[in-house]
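Colleague: Could you walk me through how the labels in this model are assigned? I would like to see each value set against its cut-off.

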Amino acid sequence: AIVLLLVIAVASISGTVIEQGQALPFYQANYPENPALFGFLTWKVLLSLGLDHVYRTWWFLGLLIVFGSSLTACTFTRQFPALSAAQKWKFYEQPRQFEKLALSTEIEDASTDSLLPLLEKQHYQVFTEGNKVYARKGIVGRIGPIIVHASMLMILAGSIWGSLTGLVAQELVPSGATFKIKNIIDGGPLAKNTIFDDWSVKVNRFWINYTPNGQIDQFYSDLSILGKEGEEVDRQTIYVNKPLKYHGVTLYQTDWGIAGVKFKINNSPILQLPMAPIKVANNARLWGTWMPIKPDLSEGVSLLAKDLQGTLLIYDNEGKLVSTVRSGMMIPINGMNLTITEVIGSTGLQIKSDPGIPLVYLGFGLLMIGVMMSYVSHSQIWVLETEGNLYIGGKTNRAQVTFERELLTILEQIEPKK
């Protein structure tokens, strides 16, 4: 099991370091054949081993199954027999039996009459038969390891089920738009895309809060879940680390963009043009569009925006900066008045469905309980009264010093026979 845990850990690390679920050009660009990363890791090796989707490969799922089999075997061959043995009790009938105990003593001129209340005061469960006594406590400490193993099996089962049935989608949606979840980028072999068929999502509004120095502080999306007939069944405002959950599907706020710009020329109605992302050398984010300023489309200006704070740069046909404008402002261009009414943002959502998550959470909850139970000491005490003397001995599976002190406290309070 330890070897399997180490192998699973290494495989999990590879799935964390290597980007998962990317397109082929991404791996070809980042893991070229010459020079190969570490001398051997190329995009061909990476794809052939399934390192682009580690957690859904047959060999990773196989490791989880073998590890689960090991835990199951250990539970039935070791933990259940240990619990069964702890539930049984036997009395010591000969003084020599106490010699094999690490803690044992003989008390002269004493009886069990004063000992039994002392054991019960220390929360021991006491069994008597004539002049023999057996006491125990902490049986829950023997149950704890079984719960730990059972919870780990639940976590493994949930992980495997989630890998087989889970899926991930991404959507970039303009503010004000309604959409069906269609862009599925990754999914298990048993995943059901039909879970999105009966509902849709409306982005009521997307906005960004900026710090005083112009840096992004937080993204916000006001989302409505719409039923089959278009009725609103849920509405929440999400942001980074605060997703929306609906029918086992979780919508995360992960990205943003600029979808378009609304404007007026002179006294025209409000018009709208889409804006597209522009690649720049320093990986800065920039969006642009071309706006005609003549009916025959013979002349126009280019609009560039880098954020949703409303400032746009206007360039003429020769690439010269003409002016800057903010939402609500009007500027003259070639004898016409241009008014920017709104820069439309788009929200980037990551949508995940993982049916194994409830089982994983339940497993982790039980794991914590089982670990705490495992720390409870299983302590046993045997007593034999013969020829006016008491033979007392005991053992525990952990917290040896604490058990010694407890037993000494009991011995000090035993009263002599009257």
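**Labels and their cut-offs**

Modeller: Gladly, starting with Arg235, which has 45% relative accessibility and therefore counts as partly exposed. Buried means under 20% relative accessible area, exposed means over 50%, and partly exposed lies in between, with a 1.4 Å probe and protein chains only. Please keep in mind that this is a predicted model, where local features need pLDDT of at least 70, side-chain atom pairs count only at pLDDT 80 or more, and totals for chains, interfaces and linings use all residues. Residues are numbered from 1 along each chain as its sequence is written, and side-chain values use heavy atoms, with hydrogens and water left out.

Colleague: What makes Arg235 and Asp222 a salt bridge?

Modeller: The closest N and O atoms of Arg235 and Asp222 are 2.5 Å apart. A salt bridge is a side-chain nitrogen of Lys or Arg within 4 Å of a carboxyl oxygen of Asp or Glu, so the pair qualifies. This pair links distant parts of the chain, with Arg235 in strand β9 (residues 232–239) and Asp222 in strand β8 (residues 216–226), 13 residues apart. Strands are DSSP runs of E with at least two residues, helices are runs of H or I with at least four, and both are numbered from the N terminus. Asp222 is buried, because its relative accessibility is 12%.

Colleague: How many salt bridges does the structure hold?

Modeller: There are nine. One of them joins Glu33 to Lys44, with the closest N and O atoms 3.6 Å apart. Glu33 sits in the loop between α2 and α3, while Lys44 is in helix α3, eleven residues apart. Glu33 has 46% relative accessibility and so is partly exposed; Lys44, at 44%, is partly exposed too.

Colleague: Why is Lys132 called buried?

Modeller: Its relative accessible area is 12%, so Lys132 is buried. Lys132 forms a salt bridge with Glu129, the closest N and O atoms being 3.7 Å apart. Glu129 has a relative accessible area of 42% and therefore counts as partly exposed.

Colleague: Why is the pair of Trp59 and Phe60 called edge-to-face?

Modeller: A search of the whole structure finds 15 aromatic pairs. In this one, the centres are 6.3 Å apart and the planes make 85°. Rings of Phe, Tyr and Trp (its six-membered ring) pair if their centres lie within 6.5 Å; planes under 30 degrees apart count as stacked, over 60 as edge-to-face and the rest as tilted. The pair of Trp59 and Phe60 is therefore edge-to-face. Trp59 is partly exposed at 25%, whereas Phe60 is buried at 6%. Tyr92 and Phe98 also form an edge-to-face pair, with 5.4 Å between centres and 85° between planes. Both of these residues are buried. Ring pairs link Tyr92 and Phe98 with Phe127, Tyr134, Trp382 and Tyr391 into a cluster.

Colleague: What makes His123 exposed?

Modeller: His123 has 67% relative accessibility, so it counts as exposed. His123 lies in the loop between α5 and β2 (125–129), and it has a positive phi of about 70° although it is not a glycine.

Colleague: Where else is there a positive phi in a residue that is not a glycine?

Modeller: Asp109 has one, at about 55°. Asp109 is in the loop between β1 and α5 (115–121). With a relative accessible area of 43%, Asp109 is therefore partly exposed.
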